[in-house]
Amino acid sequence: MVLLTVQPENHSTASGVRLVLPEQRRPEGPRLGEPAPSRLAPPAPTPAQELARLIFDQDGERHRVHAPWRRLIADETFRHRAGLSPAEQVAQSYERLRLVNDTVGDAERLARDPHLLTSLHEWAAIVDGGGGLCTVASIHYNLFLGSLLDHGDDGRRDLTPFTSLRRTGTFLCTELEHGNDSFALQTTAEFDPDAGEFVLHTPHPGAQKFMPNTSTTGGPKSAVVAARLIADGRDQGVFLFLTPLSDERGLLPGVRVRRLPVRPGAPVDHCLTAFDRVRLPREALLEAEHGRFDDSGAFTSTLGNHRKRFLCSIQRVTVGKLCMSAAAVGASRAALSVAVRYGERRQVSGPRVGDRIPVNSYRTHHGRLLKALSTAYGMTFLHRAVTARWARHTDADRADVEREAAVAKGWITWQARGIAAECRERCGAQGLFAVNGLAGFPDYIEGTITAEGDNLVIWAKAAAELVFDGDTGGREAPTAPAGDADQLDDVRFLRHLLARAEGIWQTRARASLRRGPSKDPVGRWNNASSAALEMVSVHAAVRAADAYLDAVDRAAQSGARELLDGLCRLFLLTQLGPHTGDLLADGHMSIEQVHALPLVLDGVVAGLAPHMMTLVDAFDLPEAYLAGVPIANGDSLPLADCAGTVG
């Protein structure tokens, strides 16, 4: 195993030796008698700078897409404030939302631009360990404003109250008794043709809208409400209705709101919301081809299928999946940045009496963080790839891209859960304090796992589509004879093995489906579901590997390319571990390779260990953010100074 030789730029390694890359040394001045050059060539990028370019500068738009949010969260207003009550934390979420809106400039452009919108989530998610900002921003800009824009009305609707945040928007779909089956929701909006109005009503307690931020905190609010349209005495399916909830004086007549208990990880005013025959003007219906009223008051639709009408109404949820993935990616990178920095300065006992060495020196510590780093890079590149596909999708490939977004959301947010827990644990008791930026991430990430489609539910749907109708591509991976352990150094070969594992699980799922009980759809699916879900998991990892390899190919600096290649190998070797038995049995791996894999993996970890600071520096977190985290700032801000009270 050849270890990486690229050195981190100007950081202490685990051994305490400070290293400087040749291209970073101060250039010699002109010799005596020689004229000074009129212009110095720009310095070559460091490995961290090149890695940051690959992470953030997609299509050369880093300045437009990421820089505004990075600058914003560097402001002192976004630092942790100790001693706030739950109500004050909720109010702070809306105060920060207004600062975001001041930065936006054009809120409609933000809602329409998936790259800009998802990047907002990446950076907002690291404020206060996730906190409430990312949640209220996602609801207002994506679900609320985005839904209004997606159901275009040729500009007839005045959106300035929402783009100026004179009114905050929220989104009401899920009901108390209808979580994962929102298609069956029971809130009604009955059309009164004589008055030309809709009557919005909650027929029983189980139909109350569950969890939306509908209190009066944050000022006047309006909602986009999903309700069953009743027209001509018939159920026409689920549509969206723009509904004012409150004004400067409080809740409007017929709107009933009850606060829910505080949810850890996101200080937001979650509520139960019901409507008692609230009358809405005809313009409240968000019309499009899936349903509208003509001049005579007759309902028409190009979609006869109620489920398709519902999916058209809530289509903004797909962008929401990309937003939740982005938030999980941002939180994971921030958690790793804190944990690695603390591991460099946290001293523990060395092998000799009296020795003190960084805890990052030990493989038991840095090995876990490096595996998490390799996954976080894969999460980032996968998210970039899926977001780019969504930004350029057409009607022809929309279903495929929606499935890829759902698969990526499940995989990314589940990986983020593990990374957040690992980073917190690696920081010991210090990781339990909110000001150290880690304690809130696990609870916040749990929210991303459920929001915009519960992970297991959306994966089950994706699995069924791939088993019944699609092909993951894994079975078509070219056959290569299993060879010696040297093949495990080749990332392309490792990717081939992972694609083969995907194909194995797809074949297994289809065979299980055929063996299931006849005339029992649930029984047949139950028989195949375990293999099908494993197939989706490997499918996501293969897509992440493809995005990884694309980044390796685009690396223009040799040091960064070596580091990225090593990270990609670590990622693939880790992903392959659970599948070596199947790959060996089917002849895709040799016995020698299976035996060698753990040793090869350990060698890759050893090669990457001195470069951990370079890898997290590439995440480009603002210095002001890191300076506000005691365990990440080298004791410039002692933990006790963040208590907010005097004992």
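In which strand is K221 found? In this predicted model, K221 belongs to strand β5, which covers residues 221-231. That makes a handy place to start a short walk through the structure.

Is K221 buried or exposed? Its relative accessible area is 0%, and residues under 20% count as buried, so K221 is buried. To see what surrounds K221, leave aside the neighbours within four places in sequence: the residues in contact with K221 are then Y94, R167, T168, N213, T214, S215, P244, L245, S246 and D269. Look also at the side chain of K221, where a polar atom lies 2.9 Å from the backbone oxygen of T217.

Now let us turn to empty space. Rolling a probe the size of a water molecule over the atoms shows where such space is left. Here, the second largest pocket has a volume of about 400 Å³. Its lining is made up of 24 residues, and those nearest the centre are H80, Q89, D128, P267 and A434. Two or more lining residues come from each of the helices α4 (86-104) and α13 (440-450).

Which element gives the most to this lining? That is α4, with five residues.

How values were computed:
Residues numbered from 1 in each chain as written. Predicted model: local features only at pLDDT ≥ 70, side-chain atom pairs only at ≥ 80, totals over all residues. Heavy atoms only, no water. 1 Å grid on protein atoms, 1.4 Å probe; cavity = no way out; pocket = protein on both sides within 12 Å on 5 of 7 lines; lining within 4 Å. Points joined across faces, edges and corners; volume = space filled by probe spheres on them. Helix = DSSP H or I, 4+ residues; strand = E, 2+ residues; numbered from the N terminus. Buried < 20%, exposed > 50% of the residue type's maximum accessible area, 1.4 Å probe, protein only. Contact = heavy atoms within 4.5 Å. Polar contact = N/O pair within 3.5 Å; in protein donor to acceptor, adjacent residues only side chain to side chain.
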